[in-house]
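Subject: Structure handover

Hello,

Here is the model we talked about, with sequence and coordinates together. My notes on what turned up in it follow below.

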Amino acid sequence: MADAADHAFMAHALRLAEQGLYTTTPNPRVGCVIVREGGIVGQGWHERAGAPHAETQAIAQAGDRAKGATAYVNLEPCSHHGRTPPCTEALVAAGVARVVAAMRDPNPQVAGQGFARLESAGIAVERGVLEAQASELNAGFVSRMTRGRPWMRVKIAAGLDGKTALENGVSKWITGPVARRDVHHWRARSCAVMTGIGTLAEDDPRLDVREVETSRQPLRIVVDSRLRISPQARILESGGVLVATASRDATRVRAVEEAGAEVLCLPNPAGKVDLEALAAELGRRGLNEVLVEAGMNLHSALLHAGVVDELLVYYAPLLLGSRGRGMFDLGVLTSLDSALRVEVCDRRQLGPDLRLIARIRR
């Protein structure tokens, strides 16, 4: 049975795992602490794919002191050969007596097999310590492994009346510098940032990470059904762009590819981009988290496609008026029973602005 010390050491393992927040994709964020006689003798965290796993780093630091110790890890140790050897074998070889894990690995290649291997070697296994926090940290990895698609967040900046821009499209800048810097944190942790051709045509954004330090840039995705993107768009300047389209116009495809982007044709029967197919393709490509920064049309289409998981809404102390642009177009609702329900799970003041994080209830 887990006790207060188990919870405290697992919390420390989770803090270590958070150090890989911007870098581990497509792998999960994992931290490990090895404890003997009440003290930490080894610790580690996974930094990036191909780098040593958290458990092997902690074991290396602990050395002989790992024998008879307890290992705390926020995800079930892997039991298969990938880019690195199985962590279960490293724990067995190190002679640890007990493993405390926050959650089972949703990867079908592991999914309980890591626990089984440890127990077959005589190691006591405790599961479920701070499981909710562990699952939250790796929501994107869990989504990709269980649903085949990334965890998708829609970021919105709005006035207190829910308007995201003036009637003429002006929206720069609704929120203040603290909130805008926070958005760069979310970009940095995401595998990709997605926008629509309307936002691209109006604002010509780069959608890269500039205001927080990161060793990698997210993939940029443009949803552009008719392939209207300009080869001179600023988003294309640094590469790493995927354009999802319904167009098979060879001339336009060639122009976009020559500008350095990959073109992916995924039409639906209506001649638009099949957003469910796009989400599945992003999952196949190993993307765990996608941040959407677009306008009402794409936001609404993604909601209707059922691929939005979370809303990241920044409210500024402004009123933009009844003729301003809205967040979503959900059609005409005649009953509150047909309203889309969300669950607010975080509220935070960022300078003069208020940030809400809300989950779509399904």
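G148 comes directly after helix 6 and has a positive phi, near 75°. Helices here are DSSP runs of H or I with at least four residues, strands are runs of E with at least two, and both are numbered from the N terminus. The model is predicted, so local features need pLDDT of at least 70 and side-chain atom pairs count only at pLDDT 80 or more, while totals for chains, interfaces and linings use all residues. Residues are numbered from 1 along each chain as its sequence is written, and side-chain values use heavy atoms, with hydrogens and water left out.

Helix 6 itself covers residues 139–147, and A139, G140, F141, V142, S143 and R144 in it are buried. Buried means under 20% relative accessible area, exposed means over 50%, and partly exposed is in between (1.4 Å probe, protein chains only). The buried residues of helix 6 pack against helix 5 (131–137), strand 6 (151–159), helix 10 (275–284) and strand 11 (289–292); contact means heavy atoms within 4.5 Å.

Five strands make an open sheet of mixed pairing, in the order 2-1-3-4-5. Its edge strands, pairing on one side only, are strand 2 and strand 5 (124–127). From one strand to the next the twist averages 15°. Helix 1 (residues 4–17) packs on this sheet and touches strand 1, strand 2, strand 3 and strand 4, its direction making about 145° with that of strand 1. For such angles, axes are lines fitted to C-alpha atoms, for helices over the stretch in contact, and the angles run from 0 to 180 degrees between N-to-C directions.

Within that sheet, strand 1 (residues 31–36) and strand 2 (residues 39–45) are antiparallel, with six bridges; two strands count as paired if DSSP finds at least two bridges between them. C32 is opposite G44 of strand 2. The two strands form a hairpin with two residues between them, and E37 in the turn has a positive phi of about 55°. Strand 3 (residues 70–73) and strand 4 (residues 98–101) are parallel, with four bridges, and V73 is opposite A101 of strand 4.

The other open sheet has nine strands in the order 10-9-8-7-11-6-12-14-13, again with mixed pairing. Strand 10 (262–265) and strand 13 are its edges, each pairing on one side only. The twist averages 20° from one strand to the next. Strand 8 (residues 219–223) pairs with strand 9 (residues 241–245) in the parallel sense over four bridges, and V223 is opposite A244 of strand 9. Helix 10 lies across strand 7 (192–196), strand 8, strand 9, strand 10 and strand 11, at about 165° to strand 8.

On charge pairs, the whole structure holds 24 salt bridges, where a salt bridge is a side-chain nitrogen of Lys or Arg within 4 Å of a carboxyl oxygen of Asp or Glu. Side chains of opposite charge can pair when their charged atoms come close. Three of these pairs are described here.

- R98 and E126: the closest N and O atoms are 4.0 Å apart. The pair links distant parts of the chain, with R98 in strand 4 and E126 in strand 5, 28 residues apart. R98 counts as partly exposed because its relative accessibility is 21%, and E126 is buried at 18%.
- R284 and E281: the N to O distance is 3.0 Å. Both residues lie in helix 10, three residues apart, about one turn of the helix. R284 counts as exposed at 63%, whereas E281 is buried at 16%.
- R359 and E310: the N to O distance is 2.3 Å. R359 in strand 14 (residues 353–360) and E310 in strand 12 are 49 residues apart. Both residues are buried. Salt bridges with shared partners join R29, E136, R153, R189, E289, E310 and R359 into one network.

One last item is A301, which lies in helix 11 (residues 296–305) and counts as partly exposed because its relative accessibility is 30%. Its C-alpha atom is separated by 13 Å from that of G198, 103 residues apart along the chain.

Regards
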